[in-house]
Amino acid sequence: MRTPEVPDRKVLVLGGSGFIGRHVVAALQAVGCPVVIGSRHPQRRRRQLPAGGAEYREIRFEHLLDAGSWRSVLDDCDIVINCVGILRERGRETYQRVHHLAPAALAAACAARGLRLIHVSALGLEAPVRSGFLRSKRDGEAALRASGADWCIVRPSLLDGEGGYGARWIRRVARWPIHVLPQDAHGRIAVLDVRDLGEAIARLALAPARGGDAREFDLGGLHARTLGEHLAAMRGLHAGAPARQLAIPTLLARLASHICDLLHVTPFSYGHWELLQYDNCPRRNRLPELLGRAPREVGVVAPALQPVAGVLRPTS
Ligand SMILES: NC(=O)c1ccc[n+]([C@@H]2O[C@H](COP(=O)([O-])OP(=O)(O)OC[C@H]3O[C@@H](n4cnc5c(N)ncnc54)[C@H](OP(=O)(O)O)[C@@H]3O)[C@@H](O)[C@H]2O)c1
């Protein structure tokens with residue numbers, strides 16, 4: 001994909017203070033694009049993240065469940081990028097409202113106003129999953145496809161980078177001398193660098209409109225690894241000796257995921273336990289196509305690791 005022209009279009013980044021959203025905002029600002037950040041806490045976020053002078057707008061998905069309620073929110077914006085997601089439900093912030101009903105209403109509002117909508121989803125939703133977290137994301141994607149809007153869906157694999165909740169945990173656990181893993185965590189992931197994702201989403205948002213299945217983007221990094229292999233690759237950045245791996249039985253791992261959900265602790269959830277059992281690598285990795293270059297390396301490279309199909313190697 002060509003580098004986009006410097007745009008005069010204003011982009012609303014929903015969840016622009018989050019892990020993915022912050023990198024999308026930075027990439028848009030790097031090409032001179034005016035940005036509005038949607039947040040539940042605009043004042044607090046403005047203090048924490050001045051974000052290059054971006055405007056903040058109060059937006060709460062749980063209250064925006066029909067197209068009409070999005071009207072004033074979308075005022076003066078030309079492109080919308082939805083990076084909102086919740087790991088756990090809290091009060092009115094349910095998976096259905098945040099991942100399905102609000103994005104469905106947003107897509108209808110974008111269709112009515114002729115606005116481009118980029119929606120960040122996740123890989124692995126076609127597996128026979130049971131968690132409400134994953135099913136709501138699947139429903140959100142279906143609503144977008146049916147909306148008639150100028151939509152694109154972006155499905156990244158697991159992300160690494162500074163400041164993400166899950167990424168911080170994985171970096172920390174990688175340093176431990178023992179890695180405790182669910183016995184059935186056989187699924188492979190293609191971890192990518194969040195800076196690459198931010199750049200790819202910004203380019204996609206500013207590129208000409210697309211049709212058909214060219215609007216769905218599975219994105220991953222250079223290597224397909226199990227979670228155990230990813231932890232080993234991250235550990236290799238800091239420690240000489242490999243960690244010992246301790247596999248815990250399936251039932252215990254599942255129980256632990258429910259307890260984490262109940263207590264709202266750690267990024268390990270029932271949905272993630274389900275995802276670990278299936279491959280979560282892009283079938284066709286479109287990250288190099290969006291970036292116009294190879295993705296960044298994540299962790300150290302072990303020679304035996306399988307590269308992700310179709311991915312260019314870095315030149316240096
Ligand atoms: N991180 C990964 O490895 C990864 C991989 C694949 C897919 N994803 C998906 O990508 C999405 C974003 O992930 P992330 O890691 O960037 O998450 P994150 O850091 O938690 O950011 C999500 C943002 O959503 C906003 N938000 C939450 N609830 C909201 C609500 N009710 N109304 C409006 N805004 C709300 C929050 O902004 P305020 O607090 O400012 O309101 C928050 O900063 C999620 O759907 C996630 O499942 C993530």
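The structure is a predicted model, in which local features need pLDDT of at least 70 and side-chain atom pairs count only at pLDDT 80 or more, while totals for chains, interfaces and linings use all residues. Residues are numbered from 1 along each chain as its sequence is written. Helices (H or I, at least four residues) and strands (E, at least two) are DSSP runs, numbered from the N terminus.

Strand β1 (residues 11–14) directs Val11 and Val13 one way and Leu12 and Leu14 the other way, and all are buried. A residue is termed buried if 20 or more other C-beta atoms lie within 10 Å of its own, exposed if 12 or fewer, and partly exposed in between, with C-beta atoms placed from the backbone. In a regular strand, side chains alternate between the two faces of the sheet. Strand β1 pairs with strand β2 (residues 35–39) in the parallel sense over four bridges, pairing being assigned if DSSP finds at least two bridges between two strands. Strand β4 (residues 79–82) likewise runs parallel to β1 and is joined to it by four bridges. Val11 stands opposite Val35 in β2 and opposite Ile79 in β4. Together, β1, α1 and β2 form a right-handed β-α-β unit; a crossover is right-handed if, with the strands pointing away from the viewer, the path from the first strand over the helix to the second runs clockwise.

The largest nonpolar core contains 85 residues, and those with the most contacts inside it are Val11, Val13, Val24, Val80, Ile81, Ala107 and Ile201. Helix α3 (residues 95–113) gives the most to this core, with eleven residues. Such a core is a set of buried Ala, Val, Leu, Ile, Met, Phe, Trp, Tyr and Cys residues joined through C-beta atoms within 7 Å. Val11 is in contact with Leu28, Cys33, Val35, Cys77, Ile79, Ile81 and Ala205, not counting residues up to four places away in sequence; contact requires C-beta atoms, placed from the backbone, to lie within 7 Å.

His119 lies in strand β5 (residues 116–120) and counts as buried because it has 26 C-beta neighbours inside 10 Å. The C-alpha atoms of His119 and Cys152 are separated by 6.2 Å, although the two residues are 33 residues apart along the chain.

The loop between β3 (55–58) and β4 holds Ala67, which counts as partly exposed because it has 19 C-beta neighbours inside 10 Å. Beyond residues up to four places away in sequence, Ala67 touches Ala105, Ala108, Ala109 and Ala112. Asp76 is also found in the loop between β3 and β4. This residue has a positive phi of about 65 degrees although it is not a glycine, and with 9 C-beta neighbours inside 10 Å it counts as exposed.

Methods:
Contact = placed C-beta atoms within 7 Å.
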